[in-house]
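Dear colleague,

I am handing over the structure we talked about, and below it I have set out what a search of its contacts and its fold turned up. Please read the notes with the model open beside them.

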Amino acid sequence: MSTERKDLPSKNEIKAVYESYNAYLTEILSNITNVLAVALKLSSRPTFKKRVKSFNSYYKKVLRLKPGEAAVSQELVPLTDMMGIRVICAFLEDINLAIEQIGSLFHVVEVEHKGGQKFSEFGYESVHVLVKIPEECTPPLTDIYEKLKPLPKDAVCEIQIRTILQDAWAEVEHELIYKTEFSPLDIPLRRKLASLNASLSLADITFQEIRDYQNKLQKEINVRRNSFYAIADNLTDDGSDKKKDEDISRITPFVQGTIDEMILAAIQSHNSGRLDEAVSIYSRIIDAKPVPPEPVLAVIHKHRGMAYFALNKYEEAISDFDKSIQYDPNAFRTYYYKGIVHSISKNFNEAVECFTQSLELNEFQAHTHYRRALSYFELGEYEKSMGDVNDALRLGIKEEEIQGLREKLVQKFGMGM
């Protein structure tokens with residue numbers, strides 16, 4: 001029995017028209033994908049897949065259209081998923097970011113959250129965003145496209161947004177369910193599929209929780225680092241230990257749990273000015289049984305050294321920085337912190353040595369050059385100090401940050417201003 005419908009052209013006629021548009025649709029897809037690749041700013045770089053629907057899949061959907069739905073007058077029967085782009089991102093948080101940014105790039109017609117509502121879908125998840133085809137992404141109907149008619153004004157491109165794990169599941173599910181004659185029908189196999197999907201969903205959630213923890217920890221570390229620099233700047237400027245006021249509106253109870261929880265609690269205590277509490281938590285991590293791995297010990301000794309510095313316990317700070325370097329000899333930032341403590345203690349030769357070791361590991365540190373310039377100045381090595389000033393400026397330090405030292409150097413050279 002024929003599957004062709006009397007209200008539609010023949011299958012061969014539809015195929016000829018559809019295939020005549022293939023190169024045109026492919027170019028539109030490439031243009032939209034290029035826009036997305038440049039403009040989307042997610043937590044990590046997404047990957048992109050694009051495809052023009054195969055004719056067989058296209059024709060099956062055309063046959064399912066109700067009479068009158070097919071825009072035969074346009075010759076090309078338009079479908080919402082005729083052109084598809086897949087945005088594959090690392091974390092669940094990227095999905096909403098992508099939806100928001102796509103909305104600012106294109107005219108969004110519809111956003112559909114697809115989920116495993118039917119058992120046959122086995123938990124398939126994806127977000128489908130339909131966008132109108134922008135004029136700037138549409139090639140002119142000239143040269144090789146001159147025989148084509150314009151796409152309907154309501155033509156859309158479907159942008160699917162998935163995590164890496166959602167995409168992996170969809171690909172395997174497609175092979176197991178849709179491309180075979182028989183799907184798993186017995187209960188044990190169906191349960192195994194459901195279990196696999198649940199595991200992938202849980203993995204996505206766990207990855208996001210770890211990412212959230214990392215983001216929160218990084219924010220705390222940035223506050224703690226800036227506080228360390230503020231104390232060093234105040235001591236360097238006028239010799240007084242005055243701290244810049246910071247609004248750290250957080251209260252974190254002492255946490256006895258995983259090392260990650262304790263690190264976050266210690267840094268929050270550190271940032272809130274509860275330095276003795278921070279030192280206590282850092283010490284508990286260092287003394288934990290079993291002994292934490294060396295990379296963890298390197299980080300904790302560095303943080304405890306910074307807390308000791310804020311408590312004006314410079315010898316303890318130096319000792320912790322030395323232990324941190326022992327566990328991680330490539331920690332250029334720890335050499336920098338150690339150099340700052342030596343310079344505050346007026347051990348300028350030791351400070352220069354630390355800053356030099358830091359720069360040998362990472363030469364692109366404007367503030368390390370500046371700190372070494374200050375120590376060279378105190379040692380009377382003005383040419384070396386000026387050399388570091390110039391390097392700091394070259395690497396992007398702000399003029400006003402280095403202006404005072406530069407003026408002193410100019411006076412030493414007798415050049416005047």
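A residue is called buried here when its relative accessible area is under 20%, exposed when it is over 50%, and partly exposed in between, with a 1.4 Å probe and protein chains only. This is a predicted model, in which local features need pLDDT of at least 70 and side-chain atom pairs count only at pLDDT 80 or more, while totals for chains, interfaces and linings use all residues. Residues are numbered from 1 along each chain as its sequence is written, and side-chain values use heavy atoms, with hydrogens and water left out.

I begin with the charged pairs. The search of the whole structure finds 15 salt bridges, a salt bridge being a side-chain nitrogen of Lys or Arg within 4 Å of a carboxyl oxygen of Asp or Glu. One of them joins Lys-338 to Asp-322, with 2.6 Å between the closest N and O atoms. Because Lys-338 lies in helix α11 (residues 332-344) and Asp-322 in helix α10 (residues 314-327), this pair ties together parts that are 16 residues apart in sequence. Helices (H or I, at least four residues) and strands (E, at least two) are DSSP runs, numbered from the N terminus. Lys-338 counts as buried at 13% relative accessibility, whereas Asp-322, at 34%, counts as partly exposed.

A second salt bridge links Glu-93 with Arg-211, the closest N and O atoms being 3.9 Å apart. Here Glu-93 belongs to helix α4 (residues 93-105) and Arg-211 to helix α6 (residues 187-238), so the pair ties together parts that are 118 residues apart in sequence.

Helix α11 deserves a paragraph of its own. Its 13 residues reach 19 Å from the first C-alpha to the last, close to the 18 Å expected at 1.5 Å a residue, where the expected span is 1.5 Å times one less than the number of residues. Eleven of the 13 residues of α11 are buried, so the helix is largely enclosed by the rest of the structure. Just after α11, Lys-346 takes a positive phi of about 65 degrees.

Turning to the rings, the search finds 13 aromatic pairs; rings of Phe, Tyr and Trp (its six-membered ring) pair if their centres lie within 6.5 Å, and planes under 30 degrees apart count as stacked, over 60 as edge-to-face and the rest as tilted. Among them, Tyr-24 and Tyr-145 are edge-to-face, at 5.0 Å centre to centre and with 70 degrees between the planes. Tyr-24 is buried at 2% relative accessibility, and Tyr-145 is buried at 8%. Elsewhere, Phe-228, Phe-309, Tyr-314, Phe-321, Tyr-336, Tyr-337 and Phe-355 form one aromatic cluster.

Finally, the sheet is open and has five strands in the order β1-β2-β5-β4-β3, with mixed pairing; two strands pair if DSSP finds at least two bridges between them. Its edge strands, each pairing on one side only, are β1 (47-52) and β3 (108-114). Strand β2 (residues 83-89) pairs with β5 in the parallel sense over six bridges, and the bridge partner of Val-87 in β5 is Ile-161.

With best regards
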